[in-house]
Amino acid sequence: MRELIVKGVRIDDTFAEAFEMRATALTITADSARWARQAAVTTMGFGTSVIGCGCEAGIDRELTPEETPDGRFGVRVLLFAVSRTELQQQLQNRVGQCVLTSPGSACYAGLHGEETLELGNAVRFFGDGWQISKRFGGRRYWRLPVMDGEFVCEATTGLAKQAVGGGNLLVMGASAGGTLAAAEAAVKAIDAVPDVIMPFPGGIARSGSKVGSKYKARASTNEAYCPTLRGAVNSALDEDVASVLEIVIDGLTREAVAAAMRAGIAAVVRLGPKRGAVRLGAGNYGGKLGPYHFHLKDLRP
Amino acid sequence: MKPLVLTLREQPDQRLDLSSLVPHRLAGQTATEINRLELQTTRRRVNVGDIFRVALGDPQNIRIENSCNRLDLIGQGMADGKILVEGDVGNQVGRLMTGGRLTIKGSAGSWTASGMMGGQIEITDTAGDWLGGPLAGEMAGMRGGVVVVRGNAGARAGDRMRRGTIIVEGNAGHHAGSRMLAGTVIVCRAAGSFPGYLMRRGTIVLGHGCDELSPTFLDCGVHDLVAFRLLAAFISDYSAEAAAVFRNSLRRFAGDMAALGKGEIFCAEGILRRRRGPRRLRS
């Protein structure tokens, strides 16, 4: 399977298998950068995997006051789910519980498209009849009276139907420290790529899973990549791999996911095998389940 | 391409209906056809050619020169393109307009932008009474678009307004925003008596207060709202003066409690303006 070595890092001849998802984006603003970040972090909280969280969420990037509708500091959050219905439910719950409640916050569409999801239209009822709709510049906003003034929320946000979820990189190193350093370098590089998120803690997952289980569970540990089981199972790991970390990438478009994986691979290669990872791989299901295949050899630096 | 220019030869001896001179209705018409269009409002027939000197050009870009206040219904039902009028105009300018841009370099009469649904109107001087308002028997006034009056506006600006934005850079007359259903009226200077009279919903912003406020508006305190920032950002494209009203915190009055009471008046300073001379209703 291995055939490519770039600057000492072995790159598997394999591919990441990704799926079609429904996605949306929010622009969350507040009076200060600290509170815009807080509202965004709370909104994306418990949003690592659709398996247990309903959606995958993360921060795309921070926005300067010039980039936001109300001229305050903002953060763009992306949310991904398996269906439009699920995404709508998650959006409504998260905006209602996490953005509405956050001091000084306001929430706007982070994406404009032909198809829309209800944003302010879904949370306006919190206003209990005191909510006010304002429409100007082709956009409609809801103003809800709250205890620190008003919560302003755009009526709708865009829906991306061609979003891609499950782009990934498996970072394999000779030590836990080196593997984490390589994964962190990849996360930092991918952070700069627009329209993508890495939903797991700090962008990194240490418990890569396979589909199915001997128990009644939808997913279970991927033993082929567990270093402590290397001798006991049909392992995918070489003798020099002591730790594996996965970076999962969701993007609004296929191109965004490819750009993110390219940036991640380049960062791991740049760090090199001595300080970082010795090998890079990707997770797939044999290519039969997901329509998007990101081959590492096409994305190498 | 050069604009289509209509120059008024002389003051007409009757009021004229110019509603046929809008871009989408002039498109594809020959000079002869345009010259034959009828404009009269009495039994005495007046054609375009009788009263205007016509220089053919792009019908999407119409210029009316040497205009006077007897020319009514300019830009009625206008859907696209541009009309620029040099001089004063009559009543119901831009009535039921749905798109495009209408500029009046002068003063406009009553019912300017009446029932307007979209597009943009700019009046460089004053506008008469019932700016954006409905004609008798109509349920709603302005339903969309943006109107900017650089001078003063008459009484009942924004009457029965349902949606859209009216900006008056000067003063407004009495009963500004009366019977509003929704929408936004911004008066950069002061309004006359009883702004927001019987308004149900909607927003009125007064830069320098009004002559008299109805007791059915209730003081809700001074606030600095995020909505001001959105509104200021939107209207700064049309009027820097109106955007400047939102630089400070504004006092909110909720009303009109004699009607539904979901409307609001925002005021930059004390709600009552300092008056000079005897009190009187402004028009």
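User: What do the buried residues of H3(A) pack against?

Analyst: They pack against strand S3 (15-30), helix H1 (33-44), strand S5 (73-81), strand S6 (106-109), strand S7 (116-118) and helix H4 (120-123) of chain A. Helices (H or I, at least four residues) and strands (E, at least two) are DSSP runs, numbered from the N terminus. This is a predicted model, where local features need pLDDT of at least 70, side-chain atom pairs count only at pLDDT 80 or more, and totals for chains, interfaces and linings use all residues. Residues are numbered from 1 along each chain as its sequence is written, and chains are lettered from A in the order in which they are written.

User: Which residues of helix H3 are buried?

Analyst: In H3 (residues 84-99) of chain A, they are Leu87(A), Gln90(A), Leu91(A), Arg94(A), Val95(A), Cys98(A) and Val99(A). Buried means 20 or more other C-beta atoms, placed from the backbone, within 10 Å of a residue's own. These residues cover an arc of only 120 degrees around the axis, so they lie on the same side of H3(A). The arc is that of the directions from the helix axis to the C-beta atoms.

User: How many helices and strands in chain A?

Analyst: Seven helices and 18 strands.

User: And which domains?

Analyst: Domain 1 is 2-18 + 162-299 and domain 2 is 22-160, with bounds from an automatic or database domain assignment. Their centres, over C-alpha atoms, are 30 Å apart.

User: How many residues does each domain bring to the contact?

Analyst: Domain 1 of chain A brings 13 and domain 2 of chain A brings 15; contact means C-beta atoms, placed from the backbone, within 7 Å.

How values were computed:
Contact = placed C-beta atoms within 7 Å. Buried ≥ 20, exposed ≤ 12 C-beta atoms within 10 Å, placed from the backbone.
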